[in-house]
Every structure is written in C-alpha cells, then in structure tokens.
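Here's a quick briefing for anyone opening this structure for the first time. Have a look at the chain below, then read on.

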Amino acid sequence: MEPQARVAARLARQHRVVLGICGAPGAGKSTFAEAVAAAFDGAACVPADGFHLADVELTRLGRRDRKGAIDTFDAYGYLTLLQRIRAQPSHTVYAPAFARDLEQPIAGSIPVAPQTRLIVTEGNYLLDDDAPWPAVRDLLDEVWFLDVARSERQQRLVKRHTQFGKTAQQAQAWVRDVDEPNADRIEACRHKADLIVPLPS
C-alpha cells in the first residue's frame with residue numbers, strides 16, 4: 001500500500017492519527033513530513049527538533065559540541081506533548097518549532113487544534129530503545145523510516161552546515177564526528193519501523 005493510502009486508511013477508521021517519520025540526519029524528514037501533511041486537509045507537522053535543548057543549556061551540560069545526539073533533546077518534554085495531542089483535548093495544543101537559521105527551538109509556534117485529525121511528527125530517535133523513546137513509540141500509530149544513501153545524506157548535511165555558518169572544513173568535520181555516529185545509532189533501529197520508505201538520491 002502506498003504511504004498516502006496507508007494514512008487515508010487509518011483516517012477512515014480512527015478520529016486522530018499520529019504518524020512518525022524517522023531517519024538519520026540529512027534524510028529529508030522535515031520535507032517528507034510536510035509533503036505528507038500537505039496531502040490531507042488540516043494536518044499538522046510537529047518536529048521533535050522543537051525539543052532541542054537551547055545552546056545555553058547545552059553549553060552548561062558540556063554537550064554543545066555534539067548537538068543532535070540523543071541526550072541533547074528534552075525527550076520527556078516531547079513525550080508529554082504527544083500525550084496531550086493523543087488525549088485530544090478540547091483546546092488547542094501548541095508545539096515548539098525549530099528555527100534552523102537560529103539553530104534554536106521556538107516555543108508555542110505550531111497549533112494543533114481539537115479538530116486536527118492527522119499529526120505528522122518527525123525525529124531521529126523515534127525507534128530508539130533508551131527511555132523515554134519506547135513510550136514515545138507507543139503513542140505513534142505508525143513509524144516510517146526514510147532510507148537514503150549515506151553519500152547523499154552527507155552531501156546534504158555539509159551543504160546545510162555551510163549555509164548556516166560553518167566553513168566547509170568545519171561542516172565536514174561535524175558530519176564525520178557528530179552526525180554520522182548519530183546516524184549509525186538511528187540506522188540500527190530501522191528494522192522496528194512499520195514501513196521503510198526508499199527515497200531517490
């Protein structure tokens with residue numbers, strides 16, 4: 001069954017669907033999630049990147065030089081947000097966005113209205129075994145894993161890092177020393193996905 005048809009089938013039998021999009025850094029999770037949401041009226045995209053710890057806190061913890069690792073997110077905050085969304089309250093739930101130009105989360109940016117039936121959430125660690133990620137997985141109706149060639153992902157990441165201020169050498173070092181170790185961890189969980197989505201280079 002095609003990805004959009006899978007979503008449509010779930011919407012036909014349940015009031016609210018929460019779909020997770022997982023993949024390694026540079027896989028195109030945000031673009032793919034937005035495309036899925038755009039195919040359905042009134043859908044909302046809620047990125048886990050909105051729960052990046054702020055740089056000031058990463059500096060305090062000594063983790064800023066590996067931003068994007070699993071312990072640089074407020075994972076329990078993300079879990080709580082999904083619990084609120086899953087509960088379908090009668091009020092709007094506001095989720096944080098992530099401003100890539102600032103590399104910082106922006107609180108209260110994404111409204112999830114009571115009538116919103118499809119929520120597409122994307123993140124690196126949706127299938128991870130460390131707490132609280134298994135509890136996050138339990139709140140998702142399905143998790144799809146985006147399969148992209150490593151060389152393509154790395155090229156995208158270098159381009160992204162240079163666009164937002166790193167030199168080419170710094171970008172390549174960050175991809176090698178930070179992004180790829182995270183990617184290895186994420187790829188190791190891909191077998192737990194409900195659907196593997198191959199994306200062209």
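The chain has an accessible surface of about 9,700 Å², and carbon and sulfur atoms hold 51% of that area (Shrake-Rupley method, 1.4 Å probe; for residues, only the protein chains shown count as cover). What you're looking at is a predicted model, where local features need pLDDT of at least 70, side-chain atom pairs count only at pLDDT 80 or more, and totals for chains, interfaces and linings use all residues. Numbering starts from 1 along each chain as its sequence is written, and side-chain values use heavy atoms, with hydrogens and water left out.

**Overall build**

- You'll find 7 helices and 7 strands in the chain (DSSP runs numbered from the N terminus: H or I of at least four residues for helices, E of at least two for strands).
- Following the sequence, the order goes α-β-α-β-α-α-β-β-β-α-β-α-α-β.
- The radius of gyration is 16 Å, close to the 17 Å from the globule rule for 201 residues, so the chain is as compact as a globular protein of that length (the radius is taken over C-alpha atoms, and the rule is 2.2 Å times the number of residues to the power 0.38).
- Along its principal axes, the C-alpha trace spans about 50 × 35 × 30 Å.

**Burial, contacts and charge**

- Of the 201 residues, 50% count as buried (buried is under 20% relative accessible area, exposed is over 50%, and partly exposed is in between, with a 1.4 Å probe and protein chains only).
- Among contacts with a separation of 6 or more, 72% join residues 24 or more positions apart (a contact means heavy atoms within 4.5 Å).
- The chain carries 25 positive and 26 negative charges, and their mean positions are 1 Å apart (Lys and Arg count as positive, Asp and Glu as negative, with His and the chain ends not counted; each charge is placed at NZ of Lys, CZ of Arg, CG of Asp or CD of Glu).

**What the record says**

- An unreviewed UniProt entry lists residues 18–198 as "domain: Phosphoribulokinase/uridine kinase" (positions use the numbering here, feature names are shortened, and annotations may be inferred rather than shown by experiment).
- That span, residues 18–198, is 39% helix and 23% strand, and its end C-alpha atoms lie 21 Å apart.

- His161 sits in helix α6, which covers residues 150–163, and is buried at 12% relative accessible area.
- Setting aside neighbours within four places in sequence, His161 is in contact with Lys166, Ala171, Trp174, Val175 and Asp179.
- Ser151 is also in helix α6, but this residue is partly exposed, at 45% relative accessible area.
- Ser151 and Ser30 are 121 residues apart along the chain, and their C-alpha atoms are separated by 19 Å.
- Asp177 belongs to helix α7, residues 168–187, and is partly exposed with a relative accessible area of 48%.
- From Asp177 to Arg66 you'd count 111 residues in sequence, yet the two are 8.2 Å apart in space, C-alpha to C-alpha.

**Backbone details in the loops**

- The peptide bond from Ala131 to Pro132 is cis, with omega near 5°.
- Pro132 itself is in the loop that links β5 (118–123) and α5 (133–138).
- Gln88 has a positive phi, near 50°, and is a residue other than glycine.
- Look for Gln88 in the loop between α4 (75–87) and β3 (93–99), where Gln88 is partly exposed at 32% relative accessibility.
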